[in-house]
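Open the structure in your viewer and keep the sequence panel beside it. Each stop below gives something to select and then says what is there.

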Amino acid sequence: MGQNSVIVLLGASGNLAAKKLHRRGLLSDKLKIIGFDPTHMRHDDFVAHMKSCVDQSSPELEDHFKAFCERCSYITINQDAGDESFVELRKRMESFIEGDEAQNRHFYLALPPSIYVAVSEQLRRNCYSEKGDSQIIIEKPFGHDLESSVDLHKKLEPTWKESEIFRIDHYLGKEMVKNILTLRFGNPMFGALWDCNHIDNIQISMTEDIGTEGRGGYFDDVGIIRDVMQNHLTQLMALTTMERPGSFSAEDLRQEKARVLRLVPPLETKDTLAGQFVKSGDGKHPGYKDDDDVPEDSRCATFCASVAYVRNARWEGVPFILKSGKALSESKTEIRIQLKDTTDAMLKDTNHNQLIIRIQPNEAVRLKMNAKQPGLELRTVETELDLTYKHTVEDPDIPEAYEALLLDAFKGDYSESVSEQELEASWKIFTPLLHELEGNKDIQPAPYVYGSEGPDGLEDFVASYQFQK
């Protein structure tokens with residue numbers, strides 16, 4: 001990032017990951033950061049807000065923060081003055097230009113999606129870089145269903161080209177998610193087994209041990225499928241199932257992910273178990289409907305397990321069990337690949353081999369396998385090859401997801417930006433299920449106790465799709 005560049009944080013309090021890139025020495029001396037928000041703040045107030053959000057536990061970190069603040073300035077948006085504040089923003093950016101040099105401009109929209117279009121139009125009209133690159137960076141949700149997602153894209157498209165829109169799914173920036181392709185395509189032993197002839201089923205799960213924590217009013221309009229499954233879990237499934245790309249370029253990677261997602265038929269209610277948490281057994285944790293902002297008759301799913309299939313020769317017949325929920329027994333995200341059982345003609349009591357990719361916490365790759373139990377008799381015992389990062393790598397410096405994604409965005413690397421084609425394909429998978437669950441009042445989410453494994457019948461549901469513990 002040696003060029004003259006400006007990062008504009010719209011909704012300036014929303015994201016401060018750039019400070020970490022500064023601490024790592026990855027930001028050019030010519031890069032400036034502008035907070036741009038309706039909240040009235042002076043520069044000192046803006047610095048104080050950032051200071052409350054960062055670690056300054058050592059003199060070195062404090063020095064880094066002081067240097068970071070020298071890059072920063074702030075503009076209060078006057079929402080009643082039309083383009084006036086955006087013109088002021090343009091003049092501020094132009095003041096950083098020396099001579100006739102080009103300037104790249106990155107606009108991070110930490111804003112409600114309902115105003116993406118209006119703000120992006122004002123940015124394009126008033127702040128677009130004539131001699132450098134311009135880019136808007138947006139986060140999910142990218143629509144509410146297929147129709148609204150397509151509508152959002154169409155409204156952004158006349159103003160911003162697809163190559164100027166960086167869509168963040170923060171899971172794509174996580175270290176173990178970035179490791180999936182290396183694990184698959186950098187190890188021939190896995191590549192040889194990566195198909196329906198050897199794999200029995202794949203479970204992709206993201207669970208949390210907390211509830212909605214006062215955000216029930218917001219969550220009730222979203223639900224667990226939109227919040228997690230349509231985006232995070234779908235991206236994990238795409239990386240797990242895609243064919244080898246021609247290269248690791250953004251175009252090739254995103255094309256392969258979109259291609260495999262188009263082969264996934266829409267999910268069906270007969271292959272789905274939805275749930276909603278109730279208060280914990282000890283009464284210490286409230287149920288979902290105990291939130292004052294949640295309607296008493298809410299049918300919003302806070303848990304969902306649904307089974308997807310990929311209709312191609314590689315994955316024919318392999319169930320992909322997608323599972324996510326709040327207020328469960330533990331917080332974890334993992335991909336669990338269960339291989340087909342061994343023949344028992346010679347060996348008795350063997351277990352399925354399993355490859356487990358732990359995304360978080362405690363990043364790890366584990367391989368469960370059968371071995372001979374020590375002794376005079378031929379008996380098998382399940383063993384585990386364990387690559388847990390914190391045990392095998394000394395002081396692993398694992399960047400936060402937003403650090404990785406923002407650095408890619410600033411460099412113009414779109415390989416981890418969600419493409420419009422991926423979005424459309426993923427919404428086609430989930431929209432019919434969402435409409436059925438929300439439109440059919442006869443479908444009620446199964447209750448489950450806060451802190452439990454999930455709804456009654458979950459174990460039988462998962463087992464019916466070949467998964468074995």
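Select Lys32 and Phe96 to begin: Lys32 lies over the face of Phe96, 6.0 Å from the ring centre. A charge counts as sitting over a ring if NZ of Lys or CZ of Arg is within 6 Å of the ring centre and within 35 degrees of the ring normal. Next take Lys174 and Tyr171, where the charged end of Lys174 sits over the ring of Tyr171 at 5.1 Å from its centre.

Before going on, note that this is a predicted model, in which local features need pLDDT of at least 70 and side-chain atom pairs count only at pLDDT 80 or more, while totals for chains, interfaces and linings use all residues. Residues are numbered from 1 along each chain as its sequence is written, and side-chain values use heavy atoms, with hydrogens and water left out.

**Aromatic pairs**

The structure holds 12 aromatic pairs. Rings of Phe, Tyr and Trp (its six-membered ring) pair if their centres lie within 6.5 Å; planes under 30 degrees apart are stacked, over 60 edge-to-face, and the rest tilted. Select Phe36 and Phe86: their ring centres are 5.2 Å apart and their planes stand at 80°, so this pair is edge-to-face. Phe36 belongs to strand 2 (residues 31–37) and Phe86 to helix 4 (residues 84–94), and the two are 50 residues apart. Helices (H or I, at least four residues) and strands (E, at least two) are DSSP runs, numbered from the N terminus. Both Phe36 and Phe86 are buried, where buried means under 20% relative accessible area, exposed over 50%, and partly exposed in between (1.4 Å probe, protein chains only).

Move to Tyr128 and Trp160. Their ring centres are 5.6 Å apart with planes at 55°, so the pair is tilted. Tyr128 is in the loop between helix 5 (116–127) and strand 5 (134–139), and Trp160 is in the loop between helix 6 (146–156) and strand 6 (165–168), so the pair ties together parts 32 residues apart in sequence. Tyr128 and Trp160 are both buried.

For a cluster, select Phe219, Phe277, Tyr288, Phe303, Tyr448 and Tyr450, which are linked by ring pairs.

**The nonpolar core**

Which residues have the most contacts inside the largest nonpolar core? They are Val8, Leu10, Leu89, Phe107, Leu109, Leu123 and Ile225, in a core of 123 residues. A nonpolar core is a set of buried Ala, Val, Leu, Ile, Met, Phe, Trp, Tyr and Cys residues joined through side-chain atoms within 4.5 Å. Helix 11 (residues 223–241) gives the most to this core, with nine residues.

Centre on Val8. Apart from neighbours within four places in sequence, Val8 is in contact (heavy atoms within 4.5 Å) with Ile34, Phe36, Leu89, Met93, His106, Phe107 and Tyr108.

Show helix 11 with helix 12 (residues 250–261). They pack at an angle of about 100°, with axes 9 Å apart. The axes are lines fitted to C-alpha atoms, for helices over the stretch in contact, and angles run from 0 to 180 degrees between N-to-C directions. Helix 11 and helix 12 are therefore roughly perpendicular, a label for angles of 65 to 115 degrees. On helix 11 the contact is made by Thr234, Gln235, Met237, Ala238, Leu239 and Thr241, and on helix 12 by Lys257, Val260 and Leu261.

Now select Asp169, in the loop between strand 6 and helix 7 (175–178). Asp169 is buried, with a relative accessible area of 3%. Beyond its neighbours within four places in sequence, Asp169 is in contact with Asn231, His232, Gln235, Leu405 and Val418.

Helix 14 (residues 401–411) has nine of its 11 residues buried, including Leu405, Leu406 and Leu407. Gly412 follows helix 14 and has a positive phi, near 80°.

**Backbone stops**

Most residues other than glycine have a negative phi, and most peptide bonds are trans. Look at Lys140 to Pro141, where the peptide bond is cis with omega near 5°. The bond from Gln360 to Pro361 is also cis, with omega near -15°. Pro361 lies in the loop between strand 12 (354–360) and strand 13 (364–372).

Asn362 is in the loop between strand 12 and strand 13; its phi is positive, about 55°, although it is not a glycine. At 39% relative accessibility, Asn362 is partly exposed. End at Ala327, whose phi is near 60°, a positive value in a residue other than glycine. Is Ala327 buried or exposed? At 0% relative accessibility, Ala327 counts as buried.

Key
Parallel < 35°, antiparallel > 145°, perpendicular 65-115°, else oblique.
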